[in-house]
Amino acid sequence: MKNMKKLLALLLAATTTFSFAACGKTATEGGSKSNGSAEGAADTLVADASGFESKFSPFFSQNVDDTHIGQEYTQVALVSSDRVGDPILKGIEGETREYNGTEYTYKTASDVTVTENEDGTVDYDIQLRDDIKFSDGEPLTADDAIFSLYVYCDPTYDGSATIYSQPIAGLEEYRGGMSTLSVLIAEAGEDNTDFSLWTEDQQKAFWDAVNDGGVKFAQEIVDYMVENGAAADAEDVKTAAAGWGFELEDGATAKDFFLAIGENYGWNFSAMEKETAGTALADLIPEDVYNYSTVGVSTGESAPNISGIVKTGDYSLRITTSELSAAFIYQLQFPVAPLHYYGDTSKYDYDNNQFGFDKGDLSSVRAKTTQPLGAGPYVFKDYSDGTVYMDANENYFLGAPKIAHLNVKETQEADKLTGVQTGTLDVANPSYSSEVAKQISEINGSEELRGSVIDTELIDFRGYGYVGISADNVKVGNDPASAESKALRKAIDTVIAAYRDEGIDSYYGETASVINYPISNTSWAAPQVTDDGYQIAYSKDAEGNDIYTSGMSADEKYKAALDAALGYFEAAGYTVEDGKLTAAPEGAKLEYTVNIGGGGQGDHPTFLILKNAADAFKSIGFTLTVNDLANASDLYASYQSGAAEMWCAAWQSTADPDMYQLYHSAGSTNYYKINDADLDDLIVSARQSTDQTYRKGLYKAAMEIIMDWGVELPVYQRSEAIIVSSERVNVDTLPKDMTPYWQWYAEIETLELN
């Protein structure tokens, strides 16, 4: 879980869903360790990374930096995307699209033809280029694509990709009839005497691990909840588990808690790491038992193949889905990994239903996790002392990179700017703020962000900051969906929203802007100011009237927000006398806490906003406690566990704005605990259309429901800075019109050093 929280720290927050959108290398028209160090030589580009976990596999990479190595730099995707994240469907000859007034031609690995059939099925016919080679000289063919698909769809696959959740025809039949060793032993129980599918020794090892490391894992959660006042003592497992999102019986033990966690995650130990309150589960149970969740065991009949995946030629295949899924085309942006390297060619015989490995056994794929090989622009050579060393791929289909070596170096945030200044880095991605902008200007000796020392490229960050509220923890009575509960949350949102402009301007200056809907402005589905019905977040009172009028001063605006909040509190059932709250209704309180990760020093863009709002609330008899946590992992655990009342974090978006994971009642990261049938219907309906205009309307309606629940206050959209050494890099060869989906490395093969 320590690794998982590292990932969350890099992505936050949580990524809504994992996406391969950035992986596909496209062309637009309009280092090895021998260089002696991580610093750049005359033929070496050095880029920064926040931290590696050595999972450089295109299948099993998890954190952002590992994924860059295992996908963007070393692999080629089946389908690729353009500057706004839309898939390229005619990439072999090149597809021209306009962006920001300029036409760009994108060349990719494939052409895709989508056919909606009368029976509701959809065919995706994919034609691959016939001139792509992996870095070892072997050709990339349809067999490699099919092998990769079968890895992602294997019953024991537990990586971040979710193509197995898509409605590919025959997929369910193929994945059936098999379970993992951990699931089978857990379901059989400790007293099982049938050892036809596993050995008695395996069963004993499993339960020994549960009774030792598993119990310790669960007890750490209980102790954490006790330390934070959410449970009475170390024996109060039921209360602690409830705060962590698990319902247990009276008298439940730490073992019962661990069993509930295991059942919730299908006994996938890697996935269970998400629940840790401290020690990683991998450090508490033996490695062989930990691997039981990746060992497939045949339990009955299953289909020998996935009927919806058909090889139609040496360089072509067809994938058929049983129904229309708007997200499926985005799922096709996965890396095509080499069968001969990650699999076993002696086990590949398409006509006889062999696909490069034994079904349920991905050991050959997992064995190469730290040593990626692919058809991308660079060849992985080594990882040591915090640096990944790569050499240019002479076989790259868009042309060998002009820079011979690429080193990617783990770098602390404080060292990114100075690293580019002093020459230890050529490219970096520092956390951008008005203070960083000031430092860049000083380094350049002018007010310019693009100067003789550092060239700065600003793009909108592919995500946004927000304040979240748990509907389960901030409510009136026992119904989170009641009008009174919604009014309570909107009272809180209304006051905080009023202080967003001042707070964001103070922290970011002109490098960020306030947003009003729970979606990144980089998404095509984001409402625009010019759209009909566009509203400032929480700018209406309880009667539906506008809170603000044109020409209001800041102080007048704050007073108006506070008056409106009193109206919402009254609607929630609070007693209001002489402009102050004197009593709360049953189930509600006069004090709530918001957790924020400001390092214990208030270093967070939303900190000033919350402090100002807290002062305003105090004047009406309401207490908003701003809990500034020094440890970011404590922040994540507080809302992931369901213990937090309110929190501040950020979402990173994917190219497709699917809301299922975050806001559907069954969504895996629905930390808001929003449960609304109308919202669920809108989210599902939006998945079943490819018409962007229609989908945008559905998402707008969905966002209005989310705002009406008062569980999320959108706060800011910030800029992301890519800083490049003007002294060592030919900045004229950087990609033009960079976006969150088209970063500095999108055309890395044409990048030049001075």
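**View 1. R450 pairs with E457 in a salt bridge.** R450 is exposed, at 52% relative accessible area. E457, its partner, is buried, at 15% relative accessibility. Their side chains meet at 2.8 Å, N to O. The model shown here and in the other views is predicted.

**View 2. R687 and D658 form a salt bridge.** The N to O distance is 2.9 Å. R687 sits in helix α22, residues 677–687. D658 lies in the loop between β24 (646–652) and α21 (660–663). The pair therefore ties together parts that are 29 residues apart in sequence. R687 is partly exposed, with 33% relative accessibility. D658 is buried, at a relative accessible area of 15%.

**View 3. Salt bridges join D48, E413 and K416 into one network.** The bridges in this network share partners.

**View 4. D125 and R318 meet in a salt bridge between two strands.** The side chains come to 2.7 Å, N to O. D125 belongs to strand β6, residues 122–128. R318 belongs to strand β10, residues 316–321. D125 is partly exposed, at 21% relative accessibility. R318 is also partly exposed, with a relative accessible area of 33%.

View 5. Side chains of opposite charge can pair when their charged atoms come close.

How values were computed
Residues are numbered from 1 along each chain as its sequence is written. This is a predicted model: local features need pLDDT of at least 70, side-chain atom pairs count only at pLDDT 80 or more; totals for chains, interfaces and linings use all residues. Side-chain values use heavy atoms; hydrogens and water are left out. A salt bridge is a side-chain nitrogen of Lys or Arg within 4 Å of a carboxyl oxygen of Asp or Glu. Helices (H or I, at least four residues) and strands (E, at least two) are DSSP runs, numbered from the N terminus. Buried means under 20% relative accessible area, exposed over 50%, partly exposed in between (1.4 Å probe, protein chains only).
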